[in-house]
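Dear colleague,

I am passing on the structure we discussed, and my notes on it follow below. Please read them with the sequence and the model open beside you.

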Amino acid sequence: MLIFAASDKGGTGRSVTSANLAYHRALAGDDVCYLDFDFGSPTASAVFDVADARLALEGGGLHSYLGGQVVEPERIDVWAVTEHQVLRDPPPGCGRLVLMPGDVGGGEFATTGDHVRLCADLLMKLSYEFDLVFVDLSAGRSYAVDMVLEATARPEMRQVTARWLVFHRWTRQHVAAAASLVLGERGIVAAGIDRGHDEEELRGAIRFVRAAVPDPESPLWSQVSPTQSAWLRKADADLKQLASAHGIGYSQVLGSVPLEPVLQWREQLITDEDVLDSQIANMETWQALSRLAARLTDDKHWEQA
């Protein structure tokens, strides 16, 4: 299964959340591959704490592959190479966790027929080799988004299950931007239809993920004044109404991730040690990520509303 991670803006938690979801699925026993298609800023290696490998990769990454300079893009075994001590000792029964990074300084590029063919070939091959393939896309209607829409519309890709996660922060601006990215005049749905995708199937393959969502019931907000608490609840209710009005209400949401200080200050994988031992991260965040990871392949969460 292919999981495309998209967002209209940067800073939505797209990369760090999708990396955490990949990590959870690998812990559960799935073989997982993570592709960094954020061509303008390929930084997923930092989230997996394999920064040294990224710095050394000046050729041979996804940019080089899609440009035809190499036959196969570089693969990084996260368990073996990561500098994160907890990740270096994965529990028994976990699956593979492989990162395919972009090249340092690769940048965005206009896609051609050759790029699309190479992209489709890679996605097809990886879909057979791995249980889940995460593709972290550049923000907005980028070349990366257009390329994978065109690649997945090819006849040979029709039998490969592809799902889309669209990430946005829980603010008015981000709600409107996420809706426009998917449902706007030049959004993902319209672009997909232009490339031969079935509209109903494509809409059914897209779900939204709300990131950095404050929970008024959380201990994080227990010390605020009554006035602030009332305002927070009103703002949350207004945002739910706004999301519904934009067509991305509750039925289109796969899940949400609570406001988490660790993720706000340092984009990283959250491990059970962070929650249970050092207690720097909140159990609610771990549970939210676990639920999201499970729902990726649970068909009842992808039925048309």
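Leaving aside residues up to four places away in sequence, M147 touches F37, F39, L66, T111, H115, V116 and C119, where a contact means heavy atoms within 4.5 Å. M147 itself belongs to helix α7, which covers residues 143–152, and it counts as buried because its relative accessibility is 0% (buried means under 20% relative accessible area, with a 1.4 Å probe and protein chains only).

This is a predicted model, in which local features need pLDDT of at least 70 and side-chain atom pairs count only at pLDDT 80 or more, while totals for chains, interfaces and linings use all residues. Residues are numbered from 1 along each chain as its sequence is written, and side-chain values use heavy atoms, with hydrogens and water left out.

As for the whole protein, 51% of its 305 residues count as buried, and among contacts between residues at least 6 apart in sequence, 77% join residues at least 24 apart. The protein contains 14 helices and 8 strands, these being DSSP runs (H or I, at least four residues, for helices; E, at least two, for strands) numbered from the N terminus. Its C-alpha trace spans about 60 × 45 × 35 Å along the principal axes.

Best regards

Definitions and conventions:
Buried means under 20% relative accessible area, exposed over 50%, partly exposed in between (1.4 Å probe, protein chains only).
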